[in-house]
Amino acid sequence: MQQGWNTARNFQQRAMPEAALQTFERLLEDCPDANDRLATLYQARDVLGRDAVLPLAQQQLQRLQAEKPRRQLQTWLHQQRNDKALALFRAGNYAAASHWLLSYQDDIRQRRDIGMARLLADSLTRQQQYDAALSWRQQAAVWSGGKTEDMQAQIWLHINQGNLAAAEQLSRYANGRQRYLIASQRASRAFKEERYQDTLGHLDNAKRWQRQENTDHSSMRAWSLYHLQQFAPAYALFSQLYQRQPSDDLAKGLFYSASHSQQLQAALQQHNQHGLIKTLATDPLVRDLSGERNQLSIPEYDPQTQAMVAQLRQQLAGEQAAQLLDSDDPEHMQRLSLNLQRYTEHQQDAGLARALAAAHGQAADRLQGEPRQRQLQQSIDWRQRAIAWSESNGEDRLALATAFIQLQRTEEAEQLLQQLVHEQPDSPAQRDLLAALLSQRASAAYRDEDYEQSLQQLDKLEGYQPLNAEQWQLRGWSLYRLQDYGYAFDAFQTAYQLDDSNPDSAAALMFSAYADNSLDDAAELATQQPGSLRPLLGYQRTFDAARDGVDADYFDLDSNGRIVLQPWSGSRWVSTQGMRIEQRSGERGTSQLTALRMPVVQLHWQPHYSRHQWFGQLSLLQLNSGDSTDTSPLGTPECLLAPAEDPCPRRTTDSGSQGLLLEPSLNYRYQGSWLGLDLGLGTTPMGAEVDARWTGHAGFNIGDEAAGISVAGQRSAKRDSMLSYVGVEDPYGSDAWGRVLQDQLNISAYAQLAEHSDVLASLDVAEHQGEDVRRNQSINFYSRLSFLAAMRRGELAFGPELLTSRFQRNLSGFSRGHGGYFSPQMLVRMGVFAHWQQPLSRRTYWRSQWSLGYQVHHQDCLKAWFNSGSQCYQDSSDEAGVAASADLALLHRLGRSQHHIGSQLQLSISPEFEQWSVWVFWQYASDGDTLQQLLAKALRSP
């Protein structure tokens, strides 16, 4: 055996390891004795080394059957493995060591090898495989009976893993360092999770195990105090830390805690020699705001520093601005303003510019003369900067306009306020200030005797808001000074109506009424709204006499020689006389018809202070229809049908004339505050070939200016042709036919939709009947939407309108059974209308109504009726085209008298017919009615 060992050693020494290994393998193979084999393995270990002999040992372990040698070899083999693992660990090859140990981990567990378990745990730990390391360390603790070494090692692993809860469960085994680290990590975790109160608790716990708190913990403590808004202790701690180590993070904490604890200036003074705080303290704008004004250029900073500098500037500027607004000392205010000037301009800070403007405005309020002007100008300058630096600058522009007004720069103020009102129509502040400015300028112009300018300013003012009583009075006096007494009266009247308790308005009204010779108008206003004009009640006759130049007839003297004025009459009336001519031309049912009414007499009577009115009218008519050269009243019969029909039933015209005819009517009307009644009685023209019949109407209405409804029943004549209007006598027989009456029921409703719009809808259902005329039924619907335009003295309404109509039969022919009136089976007209009325002067009033639309209508065929039936002799028709109408009326008062002249022109054009009329009249009114009311009475249809 010894010789074999020596041979292997010689091979090894000669650098022939493979020959040496083969020698040992043959010795082990040939050696029968177990002890010799063990001895050979030990010699191989010494010669070849541990790594080379371990596979040989493993092979021999499988061959050994004897228990004792086998155990000896296992023990030796395990020791060799352990030695290799320990050598790898000590060499720092932790991965190889752990890999080697894990290769025979079953053997480690079987032998409960605490040392190798700890070694494996340490190797895994250094590879940061904490879970595996913890498992082997826990196994070692079990095998060691929970030795402190193993328990503390587990604590380290839990700490490295961040599993502080598990580490704290083993805290009874922990040493002071471990306890400190647990508290430290607890504090760091709580700080990261923004649980600042818990952070402070954990920091206090860490301080128990390490009395000297390190900088990181102190910084964490300071920031936690800051976030808990304990700014004063946070500032004290940051200050101590920054004094020792002026880092940027500590500078931030020092800055923010100082700014919140009102110690910013102290921080800047104490630490202005170090780091970031020095940078902040020496910023040119910060020095300006601290009262150290300089001309240094403003540097650029990195983003973090720039944010802190910006906040520092803003805080100092806010403090300066607060002092500025609270100061009463002009010199102190001037110093603060200079401190803020460069910063405000650099930052383009609209808020500070507003503060500076307000401060200078307050200073101006306490000064007079030139100093006040300077302060106001500075206020304007800063306010203009605030406007330029902000988008929502409505309030700034309003304040600027106020400053302009204070400096008497009213043109600029007006222009600015007009822009504001245009941009913000719903904001009352701008409108009110502009109104006050225009009112002030109007009053100033009046004091300077520039009455035209005063009126111009008032006209502008009225475009923005209604004038009040005082402003209407100013307009009246301006007009009075310009000797425009009529319009002055109107202005004073409006002022009086707005405030009838003001004796100045009543006196001004009387001055203008006297100058305009319209004291009767003043008296009428006194009856409607007594107020300060109450003394005029009862003297109407005196004013009438003054107007007519017969004053003496209305004065008496009492026993003391004082003048006694006679009271006015107890009622008023209007008389209208004139001539009307009407012309209608067209085809079926609209044949040539001329109606001459001469004279026409209308009479209106109403007691004073009464809601009752009476109307009466009487007309003499001369009618003419057809061709003036046609001698046949009904045209030549055309018997184109069976000759057995005698007389021929077909007629083509209704030529002829009738007159003089008399047409009377009487009407009663009552109009209360919410209820109205209207009753009328009359006849068709009397004296015609066909006997006259009664006509009339009755109706009521309920409502007010906002909404209402009316219901009326009416019987009236159809005035389309002579046949339908008065009827004719058949020259070929003794019978007469025609004189069609329309029995009609009307329901109308109106409602105000908004301040300047309303809607009207009307429905008519009627039955038409006459002498030897077939009965007919019709239904009509009319609606319109009105938009009202604001006008100074007139009224303007316009909007869309719709008319639909339907008759049961076409009875527009002139044969027996027909009525000679336009009766389409379908008619639709859509268009627009306009209504305008306006005083043209003090003595003249104008009214016009216009309509323009497109009309389509259909008529069935015309039939002739016989004893045995009926037959169409004219085909049905459909027509469409433009339909238009115009109604123009004018009324003029003759001088200052009670006499008036007027005229009306009406024109209507449609696809079926054309119609026009002219009404010329003279009117006398006792008293009390306006031109508008008188014109409405004169235009009542005859």
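Predicted model: local features only at pLDDT ≥ 70, side-chain atom pairs only at ≥ 80, totals over all residues.
Reader: What share of the residues is buried?
Author: Buried means under 20% relative accessible area. The protein has 942 residues. The buried share is 44%.

Reader: Which share of the contacts with a separation of 6 or more comes from residues 24 or more positions apart?
Author: Take the contacts in the protein with a separation of 6 or more. Residues 24 or more positions apart account for 57%.

Reader: Is His-158 buried or exposed?
Author: His-158 sits in helix H10, residues 148–161. Beyond four places in sequence, its contacts include Leu-134, Asn-163 and Leu-170. The cut-off for buried is under 20%. His-158 has 7% relative accessibility, so it counts as buried.

Reader: How many salt bridges does the structure hold?
Author: Side chains of opposite charge can pair when their charged atoms come close. For a salt bridge, the nitrogen and the carboxyl oxygen must be within 4 Å. The structure holds 20.

Reader: Which residue forms a salt bridge with Arg-118, and which helix is that partner in?
Author: The closest N and O atoms of the pair are 3.5 Å apart. The pair links distant parts of the chain, 31 residues apart. Arg-118 lies in helix H8, residues 114–126. The partner is Glu-149, in helix H10.

Reader: Are Glu-213 and Arg-221 buried or exposed?
Author: The two form a salt bridge, with the closest N and O atoms 2.9 Å apart. Glu-213 is at 15% relative accessibility. Arg-221 has a relative accessible area of 14%. Both values are under 20%, so Glu-213 and Arg-221 are buried.

Reader: How far apart are the closest N and O atoms of Glu-767 and Arg-775?
Author: Glu-767 is partly exposed at 27% relative accessibility. Arg-775 is partly exposed too, at 44%. They form a salt bridge, and the closest N and O atoms are 2.2 Å apart.

Reader: Which residues do salt bridges that share partners join into one network?
Author: Arg-118 and Glu-149 form one of the salt bridges. Both belong to the network.

Reader: Which strands each supply at least two residues of the nonpolar patch?
Author: The patch is on the surface, with about 620 Å² of accessible area together. Its members include Leu-677, Phe-700, Ile-702, Leu-745 and Ile-747. The strands are E8 (694–703) and E11 (736–754).

Reader: Where is the place of Trp-674?
Author: Trp-674 is part of the nonpolar patch. Its relative accessible area is 52%, so it is exposed. Its place is the loop between strand E6 (656–671) and strand E7 (675–683).

Reader: Which residues form a negative surface patch?
Author: Glu-452 is one of them. This residue is found in helix H27, residues 451–462. The patch is formed by Asp-448, Glu-449, Asp-450 and Glu-452.

Methods: Residues numbered from 1 in each chain as written. Heavy atoms only, no water. Patch = residues over 30% accessible without salt bridge, like charges linked within 9 Å, V, L, I, M, F, W, Y side chains within 5 Å. Areas by Shrake-Rupley, 256 points an atom, 1.4 Å probe, with all protein chains shown as cover. Salt bridge = Lys/Arg side-chain N within 4 Å of Asp/Glu carboxyl O. Lys, Arg positive; Asp, Glu negative; His and termini not counted. Charge placed at Lys NZ, Arg CZ, Asp CG, Glu CD. Helix = DSSP H or I, 4+ residues; strand = E, 2+ residues; numbered from the N terminus. Buried < 20%, exposed > 50% of the residue type's maximum accessible area, 1.4 Å probe, protein only. Contact = heavy atoms within 4.5 Å.
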